[in-house]
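Please open the model in a viewer and follow the selections below in order.

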Amino acid sequence: MTDVSHDEQDLARFGYTQELKRSLGVFSSFAVAFSYISPSTGIFALFFLGLTTVGGVFIWSWPIVAVGQFIVALGFAELSSHYPVAGSVFQWTKYLAGKTYSWFAGWIYLFAGILTVASVCATLPIALIPAFNNMGWNLANTLNNQRWIAVITLIAITVMNIFGVRLVAIVNNTGVLFEILGMVVFAFIVALFHHHQSAGVIFDTGGTSLTTGTFLVAMFMSLYVIYGFDTASTLSEETNDPRRTAPKAVLASIVGAFVIGGIFLYAMLLGIPDMSVAIKEGWGPAQIIDANFGNAFSTVFLLVVAAAIFVCCLSIMTSTIRLCFGMSRDGVLPGSSVLKKVNPKLHTPVFSCIVVGLLAAIPMIQYAGVAIIAIAATGMIYLSYLIGSFALLRARLNGWPKTKAPFSLGKWGLPTTILALIYGGAMLINIAWPRAATNPRPDPEAPALNFHWGWLNGLPVLWSVLGVIVVVGAIYYVLVQRKRPAHMQAPEGELPPEQAAASAALS
């Protein structure tokens with residue numbers, strides 16, 4: 001019996017037929033999760049926020065967030081070892097907490113992924129436009145030009161996802177290698193030959209005001225970067241031996257991103273020629289590289305970052321499509337009968353690809369730049385993770401897990417989940433706190449954004465976006481989904497007592 005046939009039989013125990021193509025190994029699984037996190041993408045987009053808020057001290061938010069997210073990921077790794085099916089948070093909460101809870105978890109997480117796709121597509125022009133201009137183009141860095149590059153990027157990654165996970169994996173694997181090597185090489189060149197700050201720059205506020213409040217604002221860059229590690233489990237149905245492979249990839253992606261991103265952040269701080277000027281002008285990695293090297297080197301750097309951002313876009317799109325497919329296969333989304341169809345030749349859910357792409361294009365209509373889109377995306381992701389951790393805590397208190405899996409936390413499961421909830425709850429409050437820097441009101445704090453409704457314009461961006469998505473989802477759930485039976489098949493012992501009883505009643 002081959003590994004693939006064993007995986008297909010394992011999937012059948014959850015009531016699903018193998019339709020997606022299993023072609024991802026350990027490195028490919030890691031690469032997809034790592035490229036979703038993509039430290040170069042988030043650092044490039046929001047380095048300026050941390051620097052202008054508390055100077056070099058903002059780097060300390062990096063290990064804090066990495067450790068917190070690793071604790072969350074430990075629970076998710078165990079879940080992925082028990083439930084190797086497409087959909088991550090949606091599937092886990094379905095098996096642990098039931099139909100209604102999981103539906104809202106999946107609904108919120110789906111739109112969080114869609115907004116993340118949009119935000120990363122909007123990050124690409126920030127690197128690409130300066131690179132083009134260095135090569136002789138004369139392209140103004142306006143919101144309109146940023147929007148068109150973001151839309152073209154969105155179309156490209158949608159088409160690539162339609163043509164199969166193998167193509168995505170090849171691009172991802174190559175992109176991750178370039179990102180890791182590129183970030184490390186640039187970091188060491190800057191640190192060894194172009195360092196202008198002392199090693200103690202990580203304690204230098206640069207004249208800014210360091211308080212608990214300002215440090216919490218500066219954390220937003222790290223919070224925006226380090227998520228998406230569950231992508232490895234979302235692609236479980238396309239991974240060989242996912243019960244073992246996915247947990248390793250989930251955890252390794254955080255460790256890898258932490259190390260590579262930390263080295264790069266430190267090097268960028270060392271390479272700042274004048275801290276006061278950098279803070280005043282809101283410098284990012286592009287300006288730091290440009291200040292230390294000639295046009296050619298700066299262009300190469302921008303192109304490497306642009307490639308990493310593109311791969312990040314591709315990975316996030318892939319993950320979100322698989323979530324859409326996993327939910328549609330259970331019949332819980334509008335148009336599920338179409339969204340769940342897998343092309344027999346391409347082995348991809350083509351209509352899910354198209355719909356996710358179209359929904360990710362909506363923020364481009366009223367385009368306000370990457371920072372605004374990132375606020376809603378980050379807040380909703382952290383809410384989704386918190387919802388998943390709550391379901392895991394409740395299940396653990398009821399005796400889960402009853403069966404063994406290749407990855408297990410054992411006696412550390414309960415305390416780890418409690419810590420994950422404390423961390424996740426605290427970070428969600430931080431992200432959702434109404435402030436101009438990280439959760440502004442469209443009018444007047446973010447004038448580029450206009451909801452064309454005075455009441456919505458008076459609310460912080462995250463509150464209004466999340467509120468609309470939840471209200472629309474609640475109406476749809478009550479009118480359409482509430483009385484529909486849930487798909488709850490799982491191997492014996494994999495359901496908590498309440499869900500097992502409900503599943504037996506339905507059958």
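Begin with Arg13, which at 45% relative accessibility is partly exposed, that is, between the limits for buried (under 20% relative accessible area) and exposed (over 50%), with a 1.4 Å probe and protein chains only. The model is predicted: local features need pLDDT of at least 70 and side-chain atom pairs pLDDT 80 or more, while totals for chains, interfaces and linings use all residues. Residues are numbered from 1 along each chain as its sequence is written, and side-chain values use heavy atoms, without hydrogens and water.

The structure holds seven salt bridges.

Now select Arg329 and Glu237, whose side chains form a salt bridge at 2.5 Å, N to O. Arg329 lies in helix α15 (residues 295–329) and Glu237 in the loop between α11 (231–234) and α12 (242–270), 92 residues apart; helices are DSSP runs (H or I, at least four residues), numbered from the N terminus. Arg329 is buried at 14%, and Glu237 is buried at 0%.

Proceed to Glu238 and Arg322, another salt bridge, with the closest N and O atoms 2.8 Å apart. This pair joins the loop between α11 and α12 to helix α15 across 84 residues. Glu238 is buried at 1%, as is Arg322 at 0%.

Finally, select His82 in helix α4 (residues 61–82). His82 is buried, with a relative accessible area of 1%.

Terms used. Helix = DSSP H or I, 4+ residues; strand = E, 2+ residues; numbered from the N terminus. Salt bridge = Lys/Arg side-chain N within 4 Å of Asp/Glu carboxyl O.
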